[in-house]
Amino acid sequence: MKVRFFNVVLRAVTLGVKFTFILSLAIFLPPAEVGLYGLITVTVFYSIYFVGFEFYTYSTRDMVARPKSEWSGLLTSQLAFFCLMYLVVLPASSILFVMGMLPWTLMASIVCLVVLEHLSTELMRLLVAIEKPLLATLVIFVKHALWAVCFTLAMWLDPDFRNIPDLLLFWMIGTFSSIFIGVWPLLKLNWAGALSKLDWRWVKAGVIISVPLLLSSIAVRSLFTFDRYAFEALNGLALLGAYSVYMGVASAMLSFMESGVFVFYYPRMMKAYKERNLGEFQTSYRKLARQSVLWLPVLTAGAGLAGITIFPLLEERVYAENLPLFAAVIVAMAIFIIGYVFQHGLYTMTRDGSIIAENVTGLILAALTLFLFASHSEYWSVTLAMLVGSATATALKYWISLATRRELLLE
């Protein structure tokens, strides 16, 4: 009980730090640099999907079912696959620098962050799979919160630290530290001759299984990745700084729902569905939906109140002058989160194809909305596109989820 309590507290502290960190950037950095940080953040975390290929969805489930004597060979095979993906994806990402979307001076740091963040994320997932939840939470805290606290203190004590290169340096140190802390259980494995145990057939089987999940994840996250690039192209880095802060506050809502609601009911849904216990599946699904309906209005109101209270106090007026934009971002995120409720049900019922189709449809309609309205309002077109894309995907997920659950009850 104490371990679980400490685990929950540490996750809550991490969420709190992430929320306050984005506000500290708004205080200490110029809006243009906050906007650049927003571009870097979405680039790093979006790249992780490509280098990781969602391979963990296959590898962790398969590995934990095998004896520990085989783990070192499987982990080595997985790492070899990741190295191949680095060789493909990282050079391809240079297009962002060639097109001037990101500065060349930061390329080395961004590439390093993609690798470190990916390895840390894979390590955290593995720790959860081998039932080391507290260590996994500690990894999350170190890579998301501890370095952010240190950098905030550095900016407060010494203005020379108030720049993007130093921020990225602290970020890299924090992520590396999380890997150093989390890797210890794996060092106890027998690594002798691990390279000779490379299993490319196992990798190939995992890639085949992971492809639809990769497409699904890319479709889900694309909407909240390309919006930063589109907004910067239409409105410039300074206003993107305000948009990135708004989106940071909105993303805290999603983080809370994932760690405070979804994580408790989704495993129960998975277990019940695999056991074909449809009554328990429906019960867990209703509880997830009920908790979401309860918490989402509270989070939405809380985020809105925080923005109305805090942004006018900041020295940079751009944050207080664009509160209507902030409200629209919060609403778009709330709609997106509602869609996540239905998506968890579809994931459980292995309707990956439906999820891909729904998210791609939302992304296409968002792109069309942006194309049609960009010439009329550069300021509102991106947020309007987010609203249309989120609402479309959410509506489709609702109808498909409802129809699928009705089919299950008729079986």
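How many salt bridges does the count come to? In this predicted model, the count comes to 7 salt bridges. Side chains of opposite charge can pair when their charged atoms come close. The close-up views below show some of these pairs.

**Figure 1. Asp-62 and Arg-66 form a salt bridge.** Look for the closest N and O atoms of this pair, which are 2.9 Å apart. Asp-62 is partly exposed, and its relative accessible area is 22%. Arg-66 is partly exposed too, with a value of 28%.

**Figure 2. A network of salt bridges links Asp-62, Arg-66 and Glu-70.** Here you meet the pair of Asp-62 and Arg-66 again, now with Glu-70 as part of the network.

**Figure 3. Glu-117 and Lys-143 form a salt bridge.** In this view, the closest N and O atoms lie 3.3 Å from each other. Glu-117 belongs to helix H6, which covers residues 107–129, while Lys-143 belongs to helix H7, which covers residues 133–157, so the pair ties together parts that are 26 residues apart in sequence. Are these two residues buried or exposed? Both Glu-117 and Lys-143 are buried.

**Figure 4. Asp-227 and Arg-228 meet through their side chains in a salt bridge.** From N to O, the distance is 3.2 Å. Why does Asp-227 count as buried? Its relative accessible area is 3%, and buried means under 20%. Arg-228 is buried as well, because its relative accessible area of 9% is also under 20%.

Notes
Residues numbered from 1 in each chain as written. Predicted model: local features only at pLDDT ≥ 70, side-chain atom pairs only at ≥ 80, totals over all residues. Heavy atoms only, no water. Salt bridge = Lys/Arg side-chain N within 4 Å of Asp/Glu carboxyl O. Buried < 20%, exposed > 50% of the residue type's maximum accessible area, 1.4 Å probe, protein only. Helix = DSSP H or I, 4+ residues; strand = E, 2+ residues; numbered from the N terminus.
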